[in-house]
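Thanks for sending this one over.

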Amino acid sequence: MKSKKNTANVKLLVHASNVTGLGAIQVVGAFINAITKINSHEMLVACPEQLPYCHRLKVSTVTLRRVLPNSLSRLFECLFPHFYFPGTEQLIVLGDIPLRNYQNQVVLFHQPNLIRPHINKNTGMTFKFKILRLLFRYNLKFVRKMIVQTIVMKEQLEQSYPELRDRIVVIPQPAPDNDFLHAKNWDKPFNYNKHTKLTLFLDYP
């Protein structure tokens, strides 16, 4: 994993390097856009290369380029984050796994495969998810608040990790930012016939 970073401490670090999928990118893009309107000074956003919207905001960013397999890169990133990111007074993690040795940390949780198997029988049983669950538990002591989107997720998370009781907050997922859905963005006419290749999702320009 390679990164470009500002080594000076920042007041707020937003960790978005593990954001994947169209829905997650839209929600995170809207969140970052909103938070930069509140205060973008002394703020740094850790972005993956596949989140171009993040890089167009008027805020300092650090780009994570993973050269190792994704799971192995994530392991190093979460265990030794100070090799990749500067110190910070507050940290918001938009990708499930807390970062080691960062205090005052808020984590957005949305990965059901981190729930323990005896709580949710549909939890992934691959070696990858077993390691992620160990890493998740190992770093929990650095979490001040864990944000989930549903009451069910909150209950399963508390049953899986009792040490999180009284630290979980339920905040439903917001609607995507209007910039992604506004009709003016779709200025190309769409004509379909039996020879047309149908694309379900389009990249946001």
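1. A word on terms before the residues: buried means under 20% relative accessible area, exposed means over 50%, and partly exposed is in between (1.4 Å probe, protein chains only). This is a predicted model, where local features need pLDDT of at least 70, side-chain atom pairs count only at pLDDT 80 or more, and totals for chains, interfaces and linings use all residues. Residues are numbered from 1 along each chain as its sequence is written, and side-chain values use heavy atoms, with hydrogens and water left out.

2. Have a look at Asp-166. With a relative accessible area of 72%, Asp-166 is exposed. You'll find Asp-166 in the loop between helix 5 (151-160) and strand 8 (168-170); helices (H or I, at least four residues) and strands (E, at least two) are DSSP runs, numbered from the N terminus. Its phi is positive, about 75 degrees, although Asp-166 is not a glycine.

3. Asn-104 also has a positive phi, near 55 degrees, and is a residue other than glycine. Asn-104 sits in the loop between strand 5 (88-93) and strand 6. Asn-104 counts as partly exposed because its relative accessibility is 27%.

4. Is Asn-120 buried or exposed? Asn-120 is buried, because its relative accessible area is 16%. The residue belongs to the loop between strand 6 (105-108) and helix 4 (127-138).

5. What does Asn-120 touch? Leaving out residues up to four places away in sequence, Asn-120 touches Ile-115 and Gln-156 (contact means heavy atoms within 4.5 Å). A polar atom of the Asn-120 side chain also lies 2.9 Å from the backbone nitrogen of Asn-122.

Key: Polar contact = N/O pair within 3.5 Å; in protein donor to acceptor, adjacent residues only side chain to side chain.
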